[in-house]
Amino acid sequence: MLNSQQIETFRSQLQVMKEEINHRFEMNEHYGLEEEHPHESVGELSSYDNHPADDATELYEREKDLALNEHTKEELHDIERALQAIENGTYGKCEVCGIDIPLERLDAIPTATTCKEHAPEQVVSHNRPVEEGVLMPPFGKFNYDEQDENVAFDAEDTYQVVNSYGSSETPSDLSNPNVDHYNDVYMESQEPDGYVEDYENFVGTDIEGNEITIYPTKLHEKYEDMLDEDGLMTIFGDLPPYEKDPYTEEEL
């Protein structure tokens, strides 16, 4: 049971909190929501000539003002409810079960009108924001690079093809700016487009995968020079002995 001195102390504290909130509302005009349109807060007459990103920033700030205003209004409502409880002589007792609210709880939350067991929010939500369902790593669910034995044309490949037509990036924007031409200044510009292995550019077969044919092209010559320089017979490494011997035996 609170004594009269303790009740007056809490009444004075609640009155100060109420005055501070009302003064805040008066100074910021309810977080600028008394203005007819968000443009008034930034001195704009229209969105016609604004960059979409600028409009998005203004929208975000407006949403934040709405949330802050709603939160402050709820805080003011709790203060007025606690002051009314003091007038009714019920302050310090739980509205649900009628037991005395511990003094420690009132010291921490002067607006409390229930005990801890009957507080309005008993469960702390651990639900993640719904936006996280669509916020994913780059290229989202359509990036197959991490999957084994996958050579599909995914979202990253699409981005690279579109980026090859031009971007605002410069060599300084790349972690490894090893490019031959300024038009190749985009992410992984040296990655093959339309094929996986280099030999796919000059090797052909029939519809059943037989009758392998090698077409002499500059890419084929470059491929052969690379293998000769490394002393290999394939890009995957040297052939095992039982496959290598038929190719290396001297003709009699």
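Contact here means heavy atoms within 4.5 Å.

**View 1. Asn163 and its contacts in a predicted model.** Asn163 sits in helix α5, which covers residues 155-163. Is Asn163 buried or exposed? Its relative accessibility is 8%, and because buried means under 20%, Asn163 counts as buried. Setting aside neighbours within four places in sequence, Asn163 touches Glu169, Tyr186 and Met187.

**View 2. Helix α1 packed with helix α3.** Here you see α1 (residues 4-32) and α3 (residues 52-88), with axes 10 Å apart and an angle of about 155° between them. How do the two helices run, roughly parallel or roughly antiparallel? Angles over 145 degrees count as roughly antiparallel, so that is how α1 and α3 are described. The crossing of α1 past α3 is left-handed. Sorted by class, their contact has 13 nonpolar, nine charged and six polar residues.

**View 3. Aromatic pairs, with Phe10 and Tyr91 as one of them.** The structure holds four aromatic pairs. For Phe10 and Tyr91, the ring centres are 5.7 Å apart and the planes meet at 55°, so this pair is tilted. Phe10 belongs to helix α1, while Tyr91 is in the loop between α3 and α4 (103-108), so the pair ties together parts 81 residues apart in sequence. Phe10 and Tyr91 are both buried. Elsewhere, ring pairs join Tyr199, Phe202 and Tyr223 into a cluster.

Note on methods:
Residues are numbered from 1 along each chain as its sequence is written. This is a predicted model: local features need pLDDT of at least 70, side-chain atom pairs count only at pLDDT 80 or more; totals for chains, interfaces and linings use all residues. Side-chain values use heavy atoms; hydrogens and water are left out. Axes are lines fitted to C-alpha atoms, for helices over the stretch in contact, and angles run from 0 to 180 degrees between N-to-C directions. Helices (H or I, at least four residues) and strands (E, at least two) are DSSP runs, numbered from the N terminus. Angles under 35 degrees count as roughly parallel, over 145 as roughly antiparallel, 65 to 115 as roughly perpendicular and the rest as oblique. A crossing is left-handed if the near helix is turned anticlockwise from the far one by less than a right angle, and right-handed if clockwise. Ala, Val, Leu, Ile, Met, Phe, Trp, Tyr, Cys and Pro count as nonpolar, Asp, Glu, Lys and Arg as charged, and the others, Gly among them, as polar. Buried means under 20% relative accessible area, exposed over 50%, partly exposed in between (1.4 Å probe, protein chains only). Rings of Phe, Tyr and Trp (its six-membered ring) pair if their centres lie within 6.5 Å; planes under 30 degrees apart count as stacked, over 60 as edge-to-face and the rest as tilted.
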